[in-house]
Amino acid sequence: MEMVRDNAVSDRQKEHCAVNTMRRMLEKYANKKHVDFEDVFLEFASSRTYAAIFDFETGIWKEGPDYFMDLYEEELAEQSEKESSV
């Protein structure tokens, strides 16, 4: 299987891929946590993970929903640790 070469894909195509994968991840995450999709989306949209996905230099846009969810859950765990140590 050939890897996607970044220069062969336009930013518009990268964005489309990132949005679709993010949506699948958020649906999966909302089901896992038993919360509304809209609530999860609003929280996620202000996360570092969201910013990284749409920073096409990171290449994260090529990953799948499970990878996105792992990144987001790691970010939430870091935030929780910081808040509990204050």
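**Reading a helical chain**

Modeller: Start inside. Thr49 lies in helix α3. Keep in mind that this is a predicted model.

Biologist: Is Thr49 buried or exposed?

Modeller: Compare the relative accessibility with a cut-off. Buried means under 20%. Thr49 has 6% relative accessibility, so Thr49 counts as buried.

Biologist: Which residues does Thr49 touch, leaving aside its neighbours within four places in sequence?

Modeller: Thr49 is in contact with Phe44, Phe68, Leu71, Tyr72 and Glu75. Keep Phe68 in mind. We will come back to it.

Biologist: Let me step back. How many helices and strands are in the chain?

Modeller: The chain has 4 helices and 0 strands. Along the sequence the pattern reads α-α-α-α.

Biologist: What does the C-alpha trace span along its principal axes?

Modeller: About 45 × 25 × 25 Å. Of the 86 residues, 28% count as buried. Now look at contacts between residues at least 6 apart in sequence: 61% of them join residues at least 24 apart.

Biologist: How do I read a pair of packed helices?

Modeller: Two packed helices are described by the angle between their axes and the distance between the axes. Take α1, residues 11-33, and α2, residues 37-44. They pack at an angle of about 120 degrees, and their axes are 9 Å apart. That angle makes α1 oblique to α2. The crossing of the two is right-handed.

Biologist: Which residues make the contact of α1 with α2?

Modeller: From α1 come Met22, Arg23, Met25, Leu26, Glu27, Tyr29 and Ala30. From α2 come Phe37, Val40, Phe41 and Phe44. By class, this contact has 9 nonpolar, no polar and 2 charged residues.

Biologist: Now the other pair. At what angle do α1 and α4 pack?

Modeller: At about 60 degrees, with their axes 8 Å apart. That makes α1 oblique to α4. α1 passes α4 in a right-handed crossing.

Biologist: Which residues of α1 and α4 meet?

Modeller: On the α1 side, Ala18, Thr21, Met22, Arg24, Met25, Lys28, Tyr29, Lys32 and Lys33. On the α4 side, Pro65, Asp66, Phe68, Met69, Tyr72, Glu73 and Leu76. The residues of this contact divide into 9 nonpolar, 1 polar and 6 charged.

Biologist: Thr21 is on that list. Is Thr21 buried or exposed?

Modeller: Thr21 has a relative accessible area of 4%, so Thr21 is buried. Its place is in helix α1. Leaving aside its neighbours within four places in sequence, Thr21 is in contact with Glu63, Gly64, Pro65 and Phe68.

Biologist: Phe68 again. How do I read a core?

Modeller: In soluble globular proteins, nonpolar side chains tend to be buried together. Here, the largest nonpolar core has 17 residues. Those that touch the most other members are Met25, Leu26, Tyr29, Phe44, Ile53 and Phe68.

Biologist: Which elements give two or more residues to this core?

Modeller: They are α1, α2, α3 (48-53) and α4 (65-84). α1 gives the most, with 6 residues.

Biologist: And what is Phe68 in contact with, leaving aside its neighbours within four places in sequence?

Modeller: Phe68 is in contact with Ala18, Thr21, Met22, Met25, Thr49, Ile53, Ile60, Trp61 and Glu63.

Biologist: How do sequence and space compare for Glu15 and Phe56?

Modeller: Check both separations. Glu15 and Phe56 are 41 residues apart along the chain, and their C-alpha atoms are separated by 8.3 Å.

Biologist: Give me one more case.

Modeller: Ser80 is partly exposed, with a relative accessible area of 43%. Ser80 and Lys33 are 47 residues apart in sequence. In space they are 16 Å apart, C-alpha to C-alpha.

Key
Residues numbered from 1 in each chain as written. Predicted model: local features only at pLDDT ≥ 70, side-chain atom pairs only at ≥ 80, totals over all residues. Heavy atoms only, no water. Axes fitted to C-alpha atoms, helices over the stretch in contact; angles between N-to-C directions. Parallel < 35°, antiparallel > 145°, perpendicular 65-115°, else oblique. Left-handed = near helix turned anticlockwise from the far one by under 90°. Contact = heavy atoms within 4.5 Å. Nonpolar A, V, L, I, M, F, W, Y, C, P; charged D, E, K, R; others polar. Core = buried A, V, L, I, M, F, W, Y, C linked by side-chain atoms within 4.5 Å. Buried < 20%, exposed > 50% of the residue type's maximum accessible area, 1.4 Å probe, protein only.
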